[in-house]
Amino acid sequence: KELTTGKGFEDVVLVPFKKSPETPALIVELKRNKCADSAINQIKEKKYFSELAPYTGIVVFVGISYDEDTKTHACKIEWFEK
């Protein structure tokens, strides 16, 4: 299920049951026929991490893109300390 943030929808959000440095929260944004950077930028611009208000710690942003013409995937990963 996509979570609403008031400014859009997150494609995938994983929040660990037990907070620890080894298990950060994860936000994944999927894009079709756009670059992985645009997915990361959307996470930041629309503040998708605000949905994780009670969670503190590291949040991993993952942008995954798929190009229909070339049938290739691209991925970009960034770490964010909340």
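A salt bridge is a side-chain nitrogen of Lys or Arg within 4 Å of a carboxyl oxygen of Asp or Glu. By this criterion the predicted model holds four salt bridges. Side chains of opposite charge can pair when their charged atoms come close.

One of these contacts joins Arg-32 and Glu-68, whose closest N and O atoms are 3.5 Å apart. Arg-32 belongs to strand E4 (residues 25-32), whereas Glu-68 sits in the loop between strand E5 (58-67) and strand E6 (72-81), so this pair ties together parts that are 36 residues apart in sequence. The two partners fall into separate accessibility classes: Arg-32 is exposed, with a relative accessible area of 58%, while Glu-68, at 33%, counts as partly exposed.

Attention now turns to Glu-78. The side chain of Glu-78 forms a salt bridge with Lys-44, with 2.6 Å between the closest N and O atoms. Because Glu-78 lies in strand E6 and Lys-44 in helix H1 (residues 36-45), the contact ties together parts of the chain that are 34 residues apart in sequence. Lys-44 is partly exposed, at 35% relative accessibility.

Glu-78 also meets Lys-76 in a salt bridge, at an N to O distance of 3.4 Å. Lys-76 is partly exposed as well, its relative accessible area being 29%. Through shared partners, salt bridges join Asp-37, Lys-44, Lys-76 and Glu-78 into one network.

Notes. Residues numbered from 1 in each chain as written. Predicted model: local features only at pLDDT ≥ 70, side-chain atom pairs only at ≥ 80, totals over all residues. Heavy atoms only, no water. Helix = DSSP H or I, 4+ residues; strand = E, 2+ residues; numbered from the N terminus. Buried < 20%, exposed > 50% of the residue type's maximum accessible area, 1.4 Å probe, protein only.
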